[in-house]
2 protein chains.
Amino acid sequence: MPRAPTTLDPFNAVAEPKRRRVLETLAHGEMPVNGLVHTLGWPQPMISKHLSVLKEVGLVAMRQKGRQRLYRVNGQRLKSIHDWAKMFERFWTHQLDRIKERAERKAREQSQKKGESI
Amino acid sequence: MPRAPTTLDPFNAVAEPKRRRVLETLAHGEMPVNGLVHTLGWPQPMISKHLSVLKEVGLVAMRQKGRQRLYRVNGQRLKSIHDWAKMFERFWTHQLDRIKERAERKAREQSQKKGESI
DNA sequence: TTGAAATATTCCCATATCGGAATATAGTTC
DNA sequence: GAACTATATTCCGATATGGGAATATTTCAA
């Protein structure tokens with residue numbers, strides 16, 4: 001079984017670093033494809049292909065304006081990633097974890113010393 | 001060029017749905033490999049392999065206790081995902097966007113009507 | 001209608017992946 | 001040190017991928 005398709009969900013789509021850069025660029029505001037081409041300096045087909053994936057998973061939305069296609073970030077879909085990560089919030093805010101970690105490190109250093117002296 | 005390695009960064013590691021489930025399970029607290037095996041009901045080598053990826057990118061940490069290996073979530077690494085997504089926060093909290101979106105939808109409906117009447 | 005601009009799609013290929021099965025390794029207990 | 005427990009690693013094959021190059025499609029303008 002191969003890896004899950006990039007179009008399976010926002011997590012897979014966002015795994016590709018270049019697609020993250022596209023989103024970051026669009027964070028500045030709605031932009032046509034050529035805007036991204038010039039800002040990022042990548043070949044146009046490459047931009048279009050990445051946009052296609054982002055659009056399929058709903059991370060960006062598009063509207064047509066003349067012969068241009070203006071892409072923009074879709075907040076709701078990005079929120080889903082944010083919400084998922086938020087579920088681990090206590091692991092970086094709670095002071096308790098740092099204390100526990102320090103204790104563990106000390107314990108490890110202790111056993112380390114013991115090992116070295118053998 | 002194939003897809004970026006899953007061990008490139010937390011984003012790639014977390015793309016795999018099963019690895020997300022492993023992390024969610026570990027959110028309940030430190031747990032040995034067999035704990036995950038019994039909780040998730042997947043083959044042990046599968047759990048070990050996913051843990052290996054998560055560990056390589058630093059999303060989990062491990063400590064040995066007898067013959068068991070206790071895995072736990074690493075908050076700092078998960079925070080990096082949270083922080084990245086947070087950069088788009090205004091796209092789901094800011095009221096302005098919803099207003100703009102509604103205006104755009106209206107405009108689209110308008111041109112839609114025009115098209116239908118032709 | 002012909003042309004040009006803006007964007008999307010197709011075809012190709014080298015490659016990392018996930019799962020399954022089997023096996024290897026480390027630590028414990030007797 | 002033999003048996004056992006807990007976990008990790010290896011080997012395998014099918015598959016979707018991302019980039020490059022070329023090409024197709026859509027839209028406007030003259």
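Predicted model: local features only at pLDDT ≥ 70, side-chain atom pairs only at ≥ 80, totals over all residues.
Residues are numbered from 1 along each chain as its sequence is written, while chains are lettered from A and ligands numbered from 1 in the order in which they are written.

The contact surface is shared by both copies, as 100% of the contact residues of chain B recur in chain A.

The contact between the chains takes 25 residues from chain B and 25 residues from chain A; two residues are in contact if their C-beta atoms, placed from the backbone, lie within 7 Å. On the side of chain B that touches chain A, at least two residues each come from helix 1 (10-15), helix 5 (75-86), helix 6 (90-93) and helix 7 (95-117) of chain B. Helices (H or I, at least four residues) and strands (E, at least two) are DSSP runs, numbered from the N terminus. Helix 5 of chain B gives the most to this side, with eight residues. By class, the side of chain B that touches chain A has 14 nonpolar, four polar and seven charged residues. Ala, Val, Leu, Ile, Met, Phe, Trp, Tyr, Cys and Pro count as nonpolar, Asp, Glu, Lys and Arg as charged, and the others, Gly among them, as polar.

In chain A, three strands form an open antiparallel sheet in the order 1-3-2; two strands pair if DSSP finds at least two bridges between them. Strand 1 (31-32) and strand 2 (60-65) of chain A stand at the edges with a single partner strand each, so one side of each has no neighbour in the sheet. Strand 2 of chain A is joined to strand 3 (residues 68-73) of chain A by six bridges.

DNA strand C is surrounded by 26 residues, the closest being A:Pro32, A:Asn34, A:Pro45, A:Ser48 and B:Pro2; a residue is near a molecule or strand if its C-beta atom, placed from the backbone, lies within 6 Å of it. Helix 4 of chain A gives the most to the surface near DNA strand C, with six residues.
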